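Open the model in your viewer and keep the selection tool at hand.

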Amino acid sequence: SLNGYEHYMLKEIYEQPDALRNAMRGRLNDQDATAVFGGLNLTPQQLRSVERIILTGCGTSWHSALVGEYMIEELARIPVCVEYASELRYRNPPIENNTLVFGITQSGETADTLAALNETKRKGHRTLAICNVVGSSIAQASDGGVYLHAGPEIGVASTKAFTSQCCVLAMLALYFGRTRHTSFETGERIIEDLRRLPAMIEQALTCDAEVRKVAEKYQSASNVLYLGRRYNFPTALEGALKLKEISYIHAEGYPAAEMKHGPIALVDADTPSVFIMPRGTTYDKVLSNMEEVKARGGPVIAIASSEDTEIRKIADDVITIPEAPEFLQPIITVVPLQLLSYHIAVLRGCDVDKPRNLAKSVTVE
Ligand code: F6R
């Protein structure tokens, strides 16, 4: 039921603190400063011998794969590659021994993801699922995996599944890292950061009224750019996808520094740019990208840390989010982007939960 919310999408956006609590329940182990998973079905020897990880999925699940790539490479130092499932299944790439393949999927029924996993499994690689729907086709077809426990996601636009997938990937990065380079102390710190996530999302949700004002201002745009770097690059893609699919506004996500290689030509007074720029490694660089857009007359909206007091001098609109460690930022920064697309879609009279031409799970090629 809608529980008093106007749409499932809004309800599911607000369910994210609980969804993450459920994703983490019983999976953080303080004794060994690591994560534990009941269903990966890997022996310590198999775990230790993993030399590469492939993350595959479609749409929003492919975006969480990109986040996972950054997390696993940074925390566990295992090479990761991300493949669209629809490409992986026909591309026939050479895959080395000791490669682990994860299919990431909310529904567990996406035809391309299932086919990509079956194809890699047939070649003798270990295939695992990061999946929400218990007992789904992909959950059954894989050698093991991790359930999200996010509860049913009914809105066609994926929201709580995305943040839960990112959270599971962060726990996997911790788990793989602790079999290798990650120290006990670092493991403890990561666990502490993960435990703060639900409260950080709760705080991020308090930006709703602010976001609604921004939505009113930009609801008639025909094009919107989303820009971010490192962990916030996948979020830029995800923000753009959310806007496209439910409000039918054309949007593009880019790594912020790529802008000057082409997309900046799109900037004009009617094309707002959303900069996802919490404080962190590339903050200053993204800030100068923002100044370039301003100089060309483009309106700029900043998703920024609440502690960032300078940003209001430059950005036309600022939406603030709580400060978070960089590897967890996408889980926080995506919240205002979900709300922005939701409010714009509602203002434009779109059918938020059932956007045109889309189905909840894509069971055809
Ligand atoms: C976007 C969206 C789709 C799905 C994609 C994969 O909001 O919902 O892009 O993410 O169809 O679906 P699953 O995760 O069920 O495999």
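**Stop one: a glycine in a loop**

Select Gly26, which counts as exposed because its relative accessibility is 66% (exposed means over 50% relative accessible area, buried under 20% and partly exposed in between, with a 1.4 Å probe and protein chains only). Gly26 sits in the loop between helix H2 (16-24) and strand E1 (28-29); helices (H or I, at least four residues) and strands (E, at least two) are DSSP runs, numbered from the N terminus.

Before moving on, a word on what you are viewing. This is a predicted model, in which local features need pLDDT of at least 70 and side-chain atom pairs count only at pLDDT 80 or more, while totals for chains, interfaces and linings use all residues. Residues are numbered from 1 along each chain as its sequence is written, and side-chain values use heavy atoms, with hydrogens and water left out.

**Stop two: a five-stranded sheet**

Now show E4, E3, E5, E6 and E7, in that order: they form an open sheet of five strands with parallel pairing (two strands pair if DSSP finds at least two bridges between them). E4 and strand E7 (144-147) are at the edges, each with a single partner strand, so one side of each has no neighbour in the sheet. From one strand to the next, the twist averages 20 degrees; axes are lines fitted to C-alpha atoms, for helices over the stretch in contact, and angles run from 0 to 180 degrees between N-to-C directions.

Zoom in on strand E3 (residues 52-57), which runs parallel to strand E4 (residues 80-84) and is joined to E4 by five bridges. Here Leu55 stands opposite Val82 in E4. Five bridges also pair E3 with strand E5 (residues 99-105) in the parallel sense, and Arg52 stands opposite Thr99 in E5.

Select helix H6 (residues 111-122), which lies across E3, E5 and strand E6 (126-131) and runs at about 165 degrees to E5. H8 lies across E3, E5, E6 and E7, at about 160 degrees to E5.

Which helix axis comes within 10 Å of that of helix H8 (residues 160-178)? It is the axis of helix H9 (residues 184-205), and the two cross at roughly 170 degrees. That makes H8 roughly antiparallel to H9 (over 145 degrees; under 35 is roughly parallel, 65 to 115 roughly perpendicular and the rest oblique). Show side chains: Cys167, Ala170 and Met171 are among the H8 residues that meet H9, where the partners include Phe184, Ile190 and Leu194. Contact means heavy atoms within 4.5 Å.

**Stop four: a buried leucine**

Is Leu339 buried or exposed? Leu339 is buried, with a relative accessible area of 0%, and belongs to helix H13 (residues 329-347). Not counting residues up to four places away in sequence, Leu339 touches Leu10, Ile13, Tyr14, Leu205, Cys207, Asp208 and Val211.

**Last stop: another sheet**

Finally, select E9, E8, E10, E11 and E12, an open sheet of five strands in that order, with parallel pairing. Strand E9 (250-255) and strand E12 (317-321) are the edge strands, each pairing on one side only. Inside this sheet, strand E8 (residues 223-228) and strand E10 (residues 273-276) pair in the parallel sense over four bridges, with Tyr226 opposite Val274 in E10.
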